2 protein chains.
Amino acid sequence: MNVIVGQSGGPTAAINASLAGVYETAANNNCCVYGMRYGISGLLKEDIICLNDILNTKMDIELLRRTPSSMLGSCRHKLTATPDEEYERIFCILHKRNIDCFFYIGGNDSMDTIQKLAKYGREIGSSIKFVGVPKTIDNDLAVTDHSPGYASAAKYIATSIKELVRDSLVYDTKSVTVVEIMGRNTGWLTAAASLAKGADCEGADLIYLPEIPFDIDACVEDVRRLQTSKKSLVIAISEGVRFADGRYICEGSDSPLATDVFGHKALAGAGRFLAGMLSEKLGIKSRAVELSTLQRCSSHILSLADITESYLVGKTAVEAAISGKSGVIAVLNRVSDNPYLCDTSLCMAEEIANVEKLVPRNWINESGNSICDEFIKYARPLIEHELPPIMVNGFPAHFLLK
Amino acid sequence: MNVIVGQSGGPTAAINASLAGVYETAANNNCCVYGMRYGISGLLKEDIICLNDILNTKMDIELLRRTPSSMLGSCRHKLTATPDEEYERIFCILHKRNIDCFFYIGGNDSMDTIQKLAKYGREIGSSIKFVGVPKTIDNDLAVTDHSPGYASAAKYIATSIKELVRDSLVYDTKSVTVVEIMGRNTGWLTAAASLAKGADCEGADLIYLPEIPFDIDACVEDVRRLQTSKKSLVIAISEGVRFADGRYICEGSDSPLATDVFGHKALAGAGRFLAGMLSEKLGIKSRAVELSTLQRCSSHILSLADITESYLVGKTAVEAAISGKSGVIAVLNRVSDNPYLCDTSLCMAEEIANVEKLVPRNWINESGNSICDEFIKYARPLIEHELPPIMVNGFPAHFLLK
């Protein structure tokens with residue numbers, strides 16, 4: 001059997017673990033495994049490699065599981081709603097190469113691609129199976145208990161917050177450190193800042209998610225109140241936080257907003273805006289820290305559950321395709337919290353495609369500036385253990401496609 | 001004997017390891033060990049704690065060695081050149097508490113404090129010994145082979161660069177990722193970006209240090225040339241890079257410059273400026289990543305040599321004071337590169353105070369946009385091994401002063 005696999009959307013620390021899961025499972029089933037470079041964009045240019053020639057040893061797989069970003073390269077290519085020549089071209093290439101199964105690892109935009117190709121395939125009577133493997137650091141995918149890629153980002157974020165909290169308390173002066181965390185419409189990543197709090201850490205003092213409209217006056221009042229008993233505060237804020245009127249709070253700043261091909265606004269500056277605003281209104285020192293792309297590509301403090309589960313959804317997707325399923329996506333189901341156990345199942349692509357899962361309102365406190373224990377109970381098991389990097393020459397070793 | 005220890009200047013990941021070295025060595029010599037909160041500023045307010053009451057177990061010491069930032073708190077307080085009432089007040093407090101030895105862990109500004117207090121003490125016939133324990137992520141201290149605190153920051157920076165390089169290559173489009181790294185006048189930290197290059201990483205494509213005047217046209221030309229064979233580039237740039245006329249390159253941008261009590265300009269924006277400039281001139285996508293304070297406070301990927309040596313300079317300082325020395329600083333001497341061996345000795349405070357060590361010109365390539373093997377040979381042994389964090393509840397555990 002011939003199968004092809006691609007990666008799409010933004011990089012994560014775990015998307016290559018899913019690639020390893022797809023590859024090993026298919027190879028163990030005697031498949032010839034092709035990889036499309038740069039997702040659908042590369043497929044359309046027939047930029048295709050044979051993974052059986054590249055992933056030769058168990059060590060290659062171990063390294064691939066620990067390598068951040070998308071080894072095959074990625075794209076942000078959206079298929080049109082109504083099938084056009086591009087659909088025809090994709091099927092022409094797949095049929096020419098005798099591809100039996102097509103796997104796409106990505107977020108809800110990529111699951112939309114799976115849905116469209118599976119539907120079109122059925123319509124034209126193609127026997128190719130299309131199966132989705134979910135990933136996103138944003139954790140906003142429906143159906144699945146959590147998204148592969150989220151836990152490693154959450155572990156990196158909370159670890160960094162712990163360190164920034166220690167750093168922030170070093171001087172005996174009033175100050176605010178504002179940490180800007182990714183999350184356009186959902187606050188799952190920013191909520192992970194709450195995990196830093198514990199016996200050895202004061203935690204973030206205020207946490208703002210996009211799920212709650214931002215109120216400048218309430219925030220200034222909160223900072224003023226908290227600083228009567230603690231001079232240095234750490235605030236976690238999502239890049240996508242908006243005012244009640246729908247404007248992003250960084251639109252109050254000087255940062256321009258661009259738009260990507262999916263119509264998403266490219267955000268920057270919520271942290272800088274908030275830090276500047278608090279300095280101005282309260283006359284205190286402030287600093288903005290952006291966790292930037294490091295939060296999605298850091299792989300030296302990987303969540304063990306994340307890497308294991310990312311591999312597992314890849315494996316489940318291959319097994320589904322081999323058993324004849326198409327237009328489905330492998331998802332994670334939590335079996336138990338303590339001990340933490342998780343297994344996989346399948347759902348229809350349309351249940352995930354283009355749907356966004358928000359942080360439930362009752363997991364955020366009433367004032368909208370802190371996170372409740374329900375979230376901690378949900379997220380803690382996901383980050384509890386780590387997959388140690390393989391250290392070579394002083395640094396975590398990666399798998400490099402040459 | 002009664003001793004007192006303080007921490008000063010910016011936090012590092014290793015300054016608490018030096019505190020552990022001072023504390024354990026003094027305690028093993030039956031000293032009562034006091035800690036001044038927030039350095040000299042706290043001492044002047046008699047904000048003093050007894051460390052023997054706080055650091056009770058070997059586990060406390062293990063955690064302290066792995067805890068970033070300054071456990072005792074820090075300050076940026078500069079003593080006047082000519083002794084004034086503040087000098088009198090410091091000695092009055094030290095004599096009242098029967099302090100025999102005074103240890104100050106800090107950078108060249110703090111070593112200036114040691115020099116001044118030791119000199120003043122001699123003049124007034126005080127028997128108190130003043131000994132300095134060096135630290136700075138900047139690695140700009142004279143005499144010592146390298147500065148305690150540098151190696152852990154370098155290891156974090158190169159690890160992050162490796163990850164950002166993987167992330168940068170994900171799309172099949174021309175782009176530049178500009179990574180801004182700390183370093184006001186010296187490029188030691190930014191040079192560490194060169195360590196990322198290896199069998200599994202393409203490394204940073206261009207590296208700009210403050211030691212070399214920045215030439216916009218040459219940079220644009222370099223990017224254009226490199227992009228004929230590699231679409232996505234990673235550029236490492238020091239926050240303190242300047243034009244030939246002495247202006248910081250971020251003065252070309254809209255970021256305001258503030259000045260701290262030592263007359264240093266607070267920099268921000270070299271990376272943002274460069275990313276914006278390249279986008280404008282070449283019409284390519286660009287992104288600025290600031291490693292921000294995380295590069296000084298990250299402690300989950302500590303250099304083993306750094307933590308060991310930071311402890312050791314603390315120990316050496318205490319032994320020096322007990323043997324009657326004052327006005328001296330414990331420094332590191334490299335004994336051998338392979339295997340890497342390092343020991344300590346003492347130098348006079350005036351040899352380090354207010355002196356800045358630059359990256360040697362011949363460790364930077366002729367064009368001033370890359371780093372030579374001499375630097376790699378120097379820096380590689382410092383980051384080769386790591387002190388693993390003690391993971392509790394999913395995150396590196398810290399020692400918390402309550």
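Q: How much area do chain A and chain B bury between them?
A: In this predicted model, chain A and chain B bury about 4,900 Å² between them, and 57% of that is on carbon and sulfur atoms.

Q: Which residues of chain A lose the most area to chain B?
A: Those are A:Glu163, A:Tyr171 and A:Phe395, which together make up 14% of what that side buries.

Q: And how many residues are in contact on each side?
A: 60 residues of chain A are in contact with 60 residues of chain B.

Q: Nice. What about polar contacts across the interface of chain A and chain B?
A: There are 30 residue pairs in polar contact across it, counting pairs with both residues at pLDDT 80 or more.

Q: Which elements give two or more residues to the side of chain A that touches chain B?
A: In chain A, they are α6 (150–168), β11 (285–290), α10 (294–297), α13 (373–383) and β17 (395–396). The largest share comes from α6(A), with 10 residues.

Q: How does that side of chain A split by class?
A: It has 24 nonpolar, 17 polar and 19 charged residues.

Q: With charged residues in there, how many salt bridges are there between chain A and chain B?
A: The count is four. One example pairs B:Asp172 with A:Lys45, where the closest N and O atoms are 3.3 Å apart.

Q: Let's talk symmetry. What rotation superposes chain A on chain B?
A: A rotation of 180°, with 0.0 Å of shift along its axis and an RMSD of 0.0 Å. The two copies are therefore related as by a two-fold rotation axis.

Q: Which residue of chain A comes closest to the rotation axis?
A: A:Glu290 does, with its C-alpha at 3.6 Å.

Q: Why can we say the copies meet through the same surface?
A: Because 100% of the interface residues of chain A are also interface residues in chain B.

Q: Moving on to salt bridges in general, how many are there over all chains?
A: The whole structure has 52 salt bridges. Within chain B, B:Lys96 forms one with B:Glu46, and their closest N and O atoms are 2.9 Å apart.

Q: Where do B:Lys96 and B:Glu46 sit in the chain?
A: B:Lys96 is in helix α4 (residues 85–96) of chain B, while B:Glu46 is in the loop between α2 (39–44) and β3 (48–50). They are 50 residues apart, so this pair links distant parts of the chain. B:Lys96 is exposed at 53% relative accessibility, and B:Glu46 is partly exposed at 24%.

Q: Back in chain B, how far apart are the closest N and O atoms of B:Arg66 and B:Glu62?
A: They are 2.4 Å apart, and the pair forms a salt bridge. B:Arg66 counts as buried, at 10% relative accessibility, whereas B:Glu62 is partly exposed at 28%.

Q: And where do B:Lys315 and B:Glu319 lie?
A: Both lie in helix α11 (residues 304–322) of chain B, four residues apart, about one turn of the helix. B:Lys315 is partly exposed at 32% relative accessible area, and B:Glu319 is partly exposed at 39%.

Q: Switching to B:Ser194, is that residue buried or exposed?
A: B:Ser194 is buried, with a relative accessible area of 11%. B:Ser194 is in the loop between α7 (188–191) and β7 (206–208) of chain B.

Q: What does B:Ser194 touch?
A: Leaving out residues up to four places away in sequence, B:Ser194 touches B:Ile207, B:Ile371, B:Phe375 and B:Ile376. The side chain of B:Ser194 also reaches the backbone oxygen of B:Ala191 at 2.6 Å.

Q: What is phi for A:Asn98 and A:Asn139?
A: A:Asn98 has a positive phi of about 55° although it is not a glycine, and phi of A:Asn139 is near 60°.

Q: Are they buried or exposed?
A: A:Asn98 is exposed, with a relative accessible area of 54%, whereas A:Asn139 is buried at 0%. A:Asn98 is in the loop between α4 (85–96) and β4 (101–106) of chain A, and A:Asn139 is in the loop between β5 (129–134) and α6 of chain A.

Notes. Residues numbered from 1 in each chain as written. Chains lettered and ligands numbered in written order. Predicted model: local features only at pLDDT ≥ 70, side-chain atom pairs only at ≥ 80, totals over all residues. Heavy atoms only, no water. Contact = heavy atoms within 4.5 Å. Buried area = accessible area lost by both parts, 1.4 Å probe. Salt bridge = Lys/Arg side-chain N within 4 Å of Asp/Glu carboxyl O. Polar contact = N/O pair within 3.5 Å; in protein donor to acceptor, adjacent residues only side chain to side chain. Nonpolar A, V, L, I, M, F, W, Y, C, P; charged D, E, K, R; others polar. Least-squares fit on C-alpha atoms with pLDDT ≥ 70 in both. Buried < 20%, exposed > 50% of the residue type's maximum accessible area, 1.4 Å probe, protein only.
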